[in-house]
Amino acid sequence: MSAQAGTAPRTSASLETRFRATARSEWIKFRSVRSGPAVLLATAVILPVTAWLLCGYYSHNWATMSPASQASFDPVFISLRGIEGAQLFVGALGVITVTGEYTSGLIRGTFIATPQRAQVIAMKALIFAAVVWAWCTLLSFAAFFIGQSLLSGPAKHVAIGDPGVLTAVFGGGLYLTFVGLLGLFIGVLLRRTPAALAALFGILLVLPVAVGLLGGQISAQLAQFLPDGGGEEIFKLLHGGAYTLGPWQGFAVLAAYVAAAAAAAFLLLRRRDA
Amino acid sequence: MMSETIQATPATSGRRAAPSALLRARAALCAEWIKLRSLRSMLVTPALAAVVCVGYADYLCWRYTQRWHTFDAASKAGFQPLDVNFNVLVIGVLFFGVLGALVVTNEYGNGLIRATLAATPQRGLILAAKTALVVLIALLSSAVICFALFLTGQGILAGHVPHVTLADPGVLGRVLGAIFYLTAASLIGLFIGVIARSAAVAMTCVFGVFLVLPALLNSLNGGAWRHTVPYLPSNLGDALWLSHTGTGSLASPTVAALGLVAWVIVLGVLATYSLRRRDA
């Protein structure tokens, strides 16, 4: 009787403890792998430097641009374009967060310690997303302010309070976080670094180029439904053209790819050996 | 008996010392060849490159024959049969860069590199052997891919829209230029792999150099950028097979070939230095 009464609170406590323990072990793994800080440092260089280079270029050459290209100039997107370079590194970090553990064999120890595999991966994704989101949002703001300070004067520029701007700048951090999560879940699916990286870069970078080669309307129609073309809408201010989705609709496309990869990853994780 | 041994010893050691450099090179080549041959990605990557490049280029050419009647006169006049055929190399080059990178990073990944370096302490020799074999594999596979690409693509275009043959002026040079570019890309990948020592870093760099960097910078054509952007490895390579080179944002084919050689040499020197100086 008393033993039964004692079991119930112990089980509920152990669930909480288990979550805390998983979170702590995942956090230790995340911060002790060298590639984490290296990637965060790389993004801290890429985003501000690209903003500085591109915005400096356009502010210098503003007078020589045609009225049409002046009208289609997106000051927010140009100052955040470094994201296109940073996504390589953040995506790769997502991949190796998982595949690194498979390569070293540590994953077997992890799954023995915590047989609830879904919980391990969910916690891993959560910690990864929290760190990357906080860091990349910060850098997104830094790149925005660097870019706008260079563009001020002759070139078109905006303030952070202008309509849609805050969404776009926050969107830069969100986009990078979701790209990283896409890499993380692809890593769970493929378990090997080169294969997972090739798959991630293939979907993220090669597919848009391949679709672009088609030419004609179909290119633009397809491009908006790719994770890259759709997701980028979130950090654009201008959504011109007949074939572009709005910021959140576009971001939903990227989120759908991440959700699909996550669903497949959680399904396969339970059924396969480590 | 005694004199025989005395005479034999210097003679044998003399004979042994002379071929040893050659033997060592041959042994290094053999060892590298066995490692390459048994690497699954050495087969998968070129095969995938062939399927993707030839398949997609043929599809694109077929699409042009279907859409030809919708083009206006200006688009018809500006139609470049070889460009639309070879455009797919923008993607194809990635396979070759990754191929080169995986040759060496795979060895670092599984720790085999320590055995390799212990067996052959002449690290420069190892890199030379790897370079030679990568050139051989990349040259063969890119030649097969480029000629297959050209023959099937132009075959599909023929009869419906303008097309070219190998006998047309400059065409053979551009096909050979594409082969040269893909081979150089695999060497750039190899050297990046030696410097990076990890598959993740090397593959990220290959995609960054050949895909992201041109996408970010190609729109800049004013001021100092006009003298920088054409010399990115990807733009130098494209200048070897695209028409309208030597104008605007693309270097002339001769400059492009020399520029690519320069990139390969610079990265090769850096890779040799880093391989000799660092622990495995």
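First, the conventions. Residues are numbered from 1 along each chain as its sequence is written, and chains are lettered from A, with ligands numbered from 1, in the order in which they are written. Since the model is predicted, local features need pLDDT of at least 70 and side-chain atom pairs count only at pLDDT 80 or more, while totals for chains, interfaces and linings use all residues.

I start with confidence in chain A. The pLDDT is the predictor's confidence in each residue, from 0 to 100. Chain A has a mean of 87, and 95% of its residues reach 70 or more. Where pLDDT is low, the predicted coordinates should not be read in detail.

Now chain B. Its secondary structure comes to 11 helices and 0 strands. Helices here are DSSP runs of H or I with at least four residues, strands are runs of E with at least two, and both are numbered from the N terminus. The C-alpha trace of chain B spans about 95 × 40 × 35 Å along its principal axes. Of the 280 residues in chain B, 39% are buried. Buried means that 20 or more other C-beta atoms lie within 10 Å of the residue's own; exposed means 12 or fewer, and partly exposed is in between, with C-beta atoms placed from the backbone.

Two residues are in contact if their C-beta atoms, placed from the backbone, lie within 7 Å. Among contacts in chain B between residues at least 6 apart in sequence, 79% join residues at least 24 apart.

In total, 27 residues of chain B are in contact with 26 residues of chain A.

Next, one helix pair. The axes of α5(B) and helix α6 (residues 112–119) of chain B come within 5 Å and cross at roughly 105 degrees. Axes are lines fitted to C-alpha atoms, for helices over the stretch in contact, and angles run from 0 to 180 degrees between N-to-C directions. The two helices, α5(B) and α6(B), are therefore roughly perpendicular to each other; that label covers 65 to 115 degrees, with under 35 roughly parallel, over 145 roughly antiparallel and the rest oblique. E107(B), Y108(B) and N110(B) of α5(B) make the contact with L112(B), I113(B) and T116(B) of α6(B).

Two loop residues come next. Most residues other than glycine have a negative phi. R191(A), however, has a phi near 65 degrees, and R191(A) sits in the loop between α8 (165–190) and α9 (193–214) of chain A. In chain B, R197(B) also has a phi near 65 degrees, and R197(B) is in the loop between α8 (171–196) and α9. R197(B) counts as partly exposed because it has 19 C-beta neighbours inside 10 Å.

Last, L139(B), in helix α7 (residues 123–157) of chain B. Leaving out residues up to four places away in sequence, L139(B) touches I179(B) and T183(B). Is L139(B) buried or partly exposed? With 15 C-beta neighbours inside 10 Å, L139(B) is partly exposed.
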